[in-house]
Amino acid sequence: MAAGAGSGEAPARGLRADVVRNQRKLLTAAAEVFVTSGVDAPIREIAAKAGVGMGTLYRHFPTRTDLVTAVYRHQVEALAEAGPALLAEESDPSAALRRWIDLFVDFLVTKHGLADALQSDSGRFAALHTYFIDRLEPVAGHLLGAAAEAGEIRPDIDAYELMRGIGNLCFGHDSDPRYDPRRLIDLLLRGLRPS
């Protein structure tokens with residue numbers, strides 16, 4: 001089976017253009033629906049938003065877990081690619097870091113029900129977490145290193161610890177409408193500046 005065709009992977013190279021286009025449409029639609037309705041949203045809603053039939057959706061993603069996994073991986077890849085792009089765009093490495101952290105927070109707070117959706121397949125969830133860390137920790141480290149080299153932040157900030165801290169601050173966002181993790185993350189980021 002080709003990667004991306006029901007394997008929970010993002011679209012693969014070497015597939016026909018229409019197959020790749022349908023996969024991308026489905027991933028984009030699913031990501032949008034998951035943000036507003038959570039990962040338990042009706043599959044029909046996702047297919048309709050993508051403009052494809054149910055058969056097309058199930059050919060690409062035979063189970064809900066396959067779809068959720070593919071969306072998650074696709075978004076991790078987009079976040080990983082954003083780091084170097086932001087660093088190239090910004091003259092100030094700390095501004096690039098800040099913009100990437102904003103994207104990272106967006107990613108974390110829009111993962112409604114991901115753990116519950118993958119709970120029946122804990123091996124896949126563990127693999128996704130490892131993938132998440134393996135792809136994003138080096139990106140965060142590169143951004144932190146550039147900002148530290150420019151003297152904009154302290155040089156002793158560990159990428160994994162920062163990601164973990166931000167993740168912990170985002171926890172509970174879904175269940176408490178009064179809690180805005182971005183305010184505390186802003187305080188955390190101010191603490192990165194050299195004294």
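Where in H4 does a kink lie, shortly before the proline Pro84? Hello everyone, let me start with that one. The kink is at Ala82, and the bend there is about 25°. Please keep in mind throughout that what we have on screen is a predicted model.

Let me step back to the overall layout. Of the 195 residues in the protein chain, 41% are buried. And if you take the contacts with a separation of 6 or more, 65% of them join residues 24 or more positions apart.

Now back to helix H4, which covers residues 64-89. How far apart are its end C-alpha atoms? They are 37 Å apart, and since 26 residues at 1.5 Å a residue should span 38 Å, the two values agree.

One is Leu67, which sits in helix H4. Leu67 is buried, with a relative accessible area of 0%. Which residues does Leu67 touch, leaving aside those up to four places away in sequence? The answer is Ala30, Phe34, Ile43, Ile46 and Phe61. Take Ala30 from that list: Leu67 and Ala30 are 37 residues apart in sequence, and their C-alpha atoms are 7.8 Å apart in space.

The other is Ala70, also found in helix H4. Ala70 is buried too, again with a relative accessible area of 0%. Ala70 and Ala30 are 40 residues apart along the chain, with 9.7 Å between their C-alpha atoms.

Let's move to helix H2, residues 43-50. Its buried residues are Ile43, Ile46, Ala47 and Ala50. What do they pack against? Helix H1 (17-37), helix H3 (54-60) and H4. On the face of H2 turned away from the buried side, you will find the exposed residues Arg44 and Ala48. Just after H2 comes Gly51, which takes a positive phi of about 75°.

From the H1 side, have a look at Ala29, which lies in helix H1. Ala29 has 3% relative accessibility and counts as buried. Not counting residues up to four places away in sequence, Ala29 touches Ile46, Lys49 and Ala50. Ala29 and Ala48 are 19 residues apart in sequence, and 8.6 Å apart in space, C-alpha to C-alpha.

Next stop, the aromatic rings. How many aromatic pairs does the structure hold? Five. As a reminder, a pair of aromatic rings is described by the distance of the centres and the angle of the planes. Let me take you through two of the pairs.

Here are Tyr72 and Phe107: the ring centres are 5.5 Å apart and the planes are at 50°, so this pair is tilted. The pair links distant parts of the chain, with Tyr72 in helix H4 and Phe107 in helix H5 (residues 93-109), 35 residues apart. Tyr72 and Phe107 are both buried.

And here are Phe104 and Phe132. Their ring centres are 5.9 Å apart and their planes are at 20°, so this pair is stacked. This pair also links distant parts of the chain: Phe104 is in helix H5 and Phe132 in helix H7 (residues 122-149), 28 residues apart. Both residues, Phe104 and Phe132, are buried.

Which residues form one aromatic cluster? Tyr72, Trp100, Phe104, Phe107 and Phe132.

A word on H5 itself. H5 has 17 residues and reaches 24 Å from its first C-alpha to its last, close to the 24 Å expected at 1.5 Å a residue. Its buried residues include Trp100, Phe104 and Phe107, along with Pro93, Ala96, Leu97, Ile101, Val105 and Val109.

What lies over the face of Tyr131? That is Arg73, at 3.9 Å from the ring centre.

Note on methods
Residues numbered from 1 in each chain as written. Predicted model: local features only at pLDDT ≥ 70, side-chain atom pairs only at ≥ 80, totals over all residues. Heavy atoms only, no water. Phe/Tyr/Trp six-rings, centres within 6.5 Å; stacked < 30°, edge-to-face > 60°. Helix = DSSP H or I, 4+ residues; strand = E, 2+ residues; numbered from the N terminus. Buried < 20%, exposed > 50% of the residue type's maximum accessible area, 1.4 Å probe, protein only. Lys NZ or Arg CZ within 6 Å of the ring centre and 35° of its normal. Expected span 1.5 Å × (residues − 1). Bend = angle between axes of the 7 residues up to and from the residue. Contact = heavy atoms within 4.5 Å.
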